[in-house]
Amino acid sequence: MEEKAAVEEITRLYPAVHRRLRTSGRLLPGGDVTARMLSVLRHLAAYGPLTVGDLAGRLRLSRAATTELLDRVESRGLVARMRDQRDRRRVYVRITERGRTATVNAGRDDAERDDDPLAAAVRTMTPQERQGLVDGLRALLRGRPAGG
């Protein structure tokens, strides 16, 4: 395949693949949290209270997106915000006991869940197709400097 045709095909396919396999907005089985919310809870459980900026960096989201996500998680009582006593401008986010329970109840890792679209799609591929996809994605990442 020629370079131009490959770029056009990747540009066409990438958004469709992303939409089909995206799990961040779907509710996890047996709860009212999404995979992205669970990621917030797992980060807070592992690292303790974090500022919104620190959490945004760990999640690789903008501060605005992180704040919106935290609003939804906080509305469920899974996290709480608290002001730094020494610097009242700084706000930390901590996981609540209800959040810890939700994290534990989420059970297995996302990739191991039966309803994970990526895992289900990979199961339908031959070993050669899997290796080809992994090799192709690695080559794609090598072709562009990080952050560029």
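**Close-up views of a predicted chain**

Read along the sequence, the chain follows the pattern α-α-β-α-α-β-β-α-α-α, with 7 helices and 3 strands. Helices (H or I, at least four residues) and strands (E, at least two) are DSSP runs, numbered from the N terminus. This is a predicted model, in which local features need pLDDT of at least 70 and side-chain atom pairs count only at pLDDT 80 or more, while totals for chains, interfaces and linings use all residues. Residues are numbered from 1 along each chain as its sequence is written, and side-chain values use heavy atoms, with hydrogens and water left out.

**View 1. The whole chain.** Of the 148 residues in the chain, 24% are buried; buried means under 20% relative accessible area, exposed over 50%, and partly exposed in between (1.4 Å probe, protein chains only). A contact means heavy atoms within 4.5 Å. Among contacts between residues at least 6 apart in sequence, 42% join residues at least 24 apart.

**View 2. Helix α2 against helix α4.** Two packed helices are described by the angle between their axes and the distance between the axes. The axes of α2 (residues 35-47) and α4 (residues 63-75) come within 10 Å and cross at roughly 85°. Axes are lines fitted to C-alpha atoms, for helices over the stretch in contact, and angles run from 0 to 180 degrees between N-to-C directions. α2 and α4 are therefore roughly perpendicular to each other; angles under 35 degrees count as roughly parallel, over 145 as roughly antiparallel, 65 to 115 as roughly perpendicular and the rest as oblique. On the α2 side the residues are Arg-36, Met-37, Val-40 and Leu-41, and they meet Leu-69, Leu-70, Arg-72 and Val-73 of α4. By class, this contact of α2 with α4 has 6 nonpolar, no polar and 2 charged residues. Ala, Val, Leu, Ile, Met, Phe, Trp, Tyr, Cys and Pro count as nonpolar, Asp, Glu, Lys and Arg as charged, and the others, Gly among them, as polar.

**View 3. Helix α2 against helix α3.** The axes of α2 and α3 (residues 52-59) come within 11 Å and cross at roughly 115°. That makes α2 roughly perpendicular to α3. Ser-39, Val-40, His-43 and Tyr-47 of α2 make the contact with Leu-55, Arg-58 and Leu-59 of α3. By class, the contact of α2 with α3 has 4 nonpolar, 2 polar and 1 charged residues.

**View 4. The buried face of α3.** Val-52, Gly-53, Leu-55, Ala-56 and Leu-59 are the buried residues of α3. Seen down the helix axis, they fall within an arc of 160°, so they line one face of α3; the arc is that of the directions from the helix axis to the C-beta atoms. These buried residues pack against α2, β1 (50-51), α4 and β3 (91-95). After α3 comes Arg-60, whose phi is positive, near 60°.

**View 5. Ala-80 in strand β2.** Ala-80 lies in β2 (residues 79-83) and is buried, with a relative accessible area of 16%. The C-alpha atoms of Ala-80 and Val-93 are separated by 5.7 Å, although the two residues are 13 residues apart along the chain. Leaving aside neighbours within four places in sequence, Ala-80 is in contact with Glu-74, Tyr-92, Val-93, Arg-94 and Thr-96.

**View 6. Thr-103 in helix α5.** Thr-103 is found in α5 (residues 97-105) and counts as buried at 15% relative accessibility. Beyond its neighbours within four places in sequence, Thr-103 is in contact with Leu-38, Leu-41, Arg-42 and Ile-95.
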